[in-house]
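Hi there,

Here is the structure I promised to pass on to you.

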Amino acid sequence: MVCVTDANIWIDLHNADLLDAAFELDHTWRTPNIIVQDEVLTVDRDLLVDLGLDVRTLSGDELNRILTLNGQYPQPSPKDLSVLVVADEDDGIVVSGDGPLRDAAENEDMTVHGVLWVLDRLVNDEIIAEPRAAAALNAMLQQGARLPDAPVENRLDDWQSS
C-alpha cells in the first residue's frame, strides 16, 4: 500500500519516537518533494529518507493539477494539495491530520487516514505494544498534536488498560 503523507504525520511520529516503527509497517511511505523541502522542518529529512521515505518529485503536469485543485479547494495550501496529486497518480491513500486536506481528499473520493490509524496499525501488526502506543499518543498530545477528542480518549482507555 502506498501511503502519501504530509508533514504533520512525520512531526507527530517524531514527537512520539515512532519514526523507526512506522517504517516497519508493510507500506510504501511517500511524500512530495515540496512537502519535505518546505514543511518538514523539525524532523531530520535525511533520517526519513534513510528509514525509507520515498520523496517524489512532481512533474509539470502534476504542478498544474495542483493549481487546478487549488481553485476548487482554497483552504489546503498548494503544497498540501501536492499530497492529493501524488496519491491520485500513484494509486495511494492520503495520510494526513490536516482538516482541509482531509476534506478535499474525501471530496475527491480518496481514502484518508491520520496518525491514529498509523498507531492502530502499529498495535495491530504487533510492532508496538498497547502501553507504548498510549505513551506515544500522550507524547503527541503534549507536543500540540490536534487530534479528535473521542477517538483519542477511546484509544487511551483501551491501550492503558492492557
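This is a predicted model: local features need pLDDT of at least 70, side-chain atom pairs count only at pLDDT 80 or more; totals for chains, interfaces and linings use all residues.

**The core.** The largest nonpolar core has 36 residues, and those touching the most other members are Trp-10, Leu-13, Leu-18, Trp-29 and Leu-119. At least two core residues come from each of helices H1, H2, H8, H9 and H10 and from strand E4. Helix H8 gives the most, with 7 residues. As background, nonpolar side chains tend to be buried together in soluble globular proteins.

**The salt bridges.** There are 7 salt bridges in the model. Arg-56 takes part in one with Glu-62, where the closest N and O atoms are 2.8 Å apart, and in another with Asp-90, at 2.9 Å from N to O. Arg-56 sits in strand E3, while Asp-90 is in the loop between helix H6 and E4, 34 residues apart. Is Asp-90 buried or exposed? Its relative accessibility is 18%, and buried means under 20%, so Asp-90 counts as buried.

Asp-120 and Arg-155 form a salt bridge too, with their closest N and O atoms 2.7 Å apart. Asp-120 belongs to helix H8 and Arg-155 to helix H10, so this pair ties together parts that are 35 residues apart in sequence. Through shared partners, salt bridges also join Arg-30, Asp-54, Arg-56, Glu-62 and Asp-90 into one network.

**The surface.** A patch of negative charge gathers Asp-149, Glu-153, Asp-157 and Asp-158. Of these, Glu-153 is found in helix H10 and is partly exposed, with a relative accessible area of 49%.

Enjoy exploring!

Notes:
Residues are numbered from 1 along each chain as its sequence is written. Side-chain values use heavy atoms; hydrogens and water are left out. Patches are made of residues with over 30% relative accessible area and no salt bridge: like charges are joined within 9 Å, nonpolar side chains (Val, Leu, Ile, Met, Phe, Trp, Tyr) within 5 Å. Accessible areas come from the Shrake-Rupley method with a 1.4 Å probe; for residues, only the protein chains shown count as cover. A salt bridge is a side-chain nitrogen of Lys or Arg within 4 Å of a carboxyl oxygen of Asp or Glu. Lys and Arg count as positive and Asp and Glu as negative; His and the chain ends are not counted. The place of a charge is taken as NZ of Lys, CZ of Arg, CG of Asp or CD of Glu. Helices (H or I, at least four residues) and strands (E, at least two) are DSSP runs, numbered from the N terminus. Buried means under 20% relative accessible area, exposed over 50%, partly exposed in between (1.4 Å probe, protein chains only). A nonpolar core is a set of buried Ala, Val, Leu, Ile, Met, Phe, Trp, Tyr and Cys residues joined through side-chain atoms within 4.5 Å.
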